[in-house]
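The entries below follow the order in which I looked things up.

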Amino acid sequence: MRISTIKRNNSIHLMYKNIMNDLGQLRTVVSKSYIYNLIQNQTGLSIRTISHVLNHTKDRIQILCENHTFSYICVFFSF
């Protein structure tokens with residue numbers, strides 16, 4: 001996976017976490033489309049791309065912690 005894709009995915013996951021934290025208890029009643037629109041306004045990405053990233057990828061740092069493999073470290077930190 002390209003470094004730019006990893007960075008994009010990580011930033012989307014971070015935005016999602018921040019939005020959910022900001023919503024607090026309201027996060028259970030707010031629609032996904034509202035959250036996706038907030039992310040879309042910040043990134044300019046399509047709703048489809050945002051939903052794909054959130055539903056089908058993991059934050060790369062989380063993968064590093066789960067797998068403990070050197071290959072992920074090389075991909076993530078190589079320039």
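**Helix packing notes**

The model I am reading is a predicted one.

I then listed the buried residues of helix α3, which spans residues 47-56, and found Ile50, Ser51, Val53 and Leu54. Viewed down the axis of α3, these buried residues fall within an arc of 160°, so they line one face of the helix. I looked up what covers them, and the cover includes α1 and α2.

Next I turned to the pair α1 and α2. I noted that two packed helices are described by the angle between their axes and the distance between the axes. The axes of α1 and helix α2 (residues 32-43) come within 10 Å and cross at roughly 130°. This angle makes α1 oblique to α2. I recorded the crossing of α1 past α2 as right-handed. On the α1 side I listed Ile12, Met15, Tyr16, Ile19, Met20 and Leu23 as making the contact, and on the α2 side Ile35, Leu38, Ile39, Gln42 and Thr43. I sorted the residues of this contact into 9 nonpolar, 2 polar and no charged.

Last, I checked Asn10, which lies in helix α1 (residues 3-23).

Note on methods
Residues numbered from 1 in each chain as written. Predicted model: local features only at pLDDT ≥ 70, side-chain atom pairs only at ≥ 80, totals over all residues. Heavy atoms only, no water. Helix = DSSP H or I, 4+ residues; strand = E, 2+ residues; numbered from the N terminus. Axes fitted to C-alpha atoms, helices over the stretch in contact; angles between N-to-C directions. Parallel < 35°, antiparallel > 145°, perpendicular 65-115°, else oblique. Left-handed = near helix turned anticlockwise from the far one by under 90°. Contact = heavy atoms within 4.5 Å. Nonpolar A, V, L, I, M, F, W, Y, C, P; charged D, E, K, R; others polar. Buried < 20%, exposed > 50% of the residue type's maximum accessible area, 1.4 Å probe, protein only. Arc of directions from axis to C-beta.
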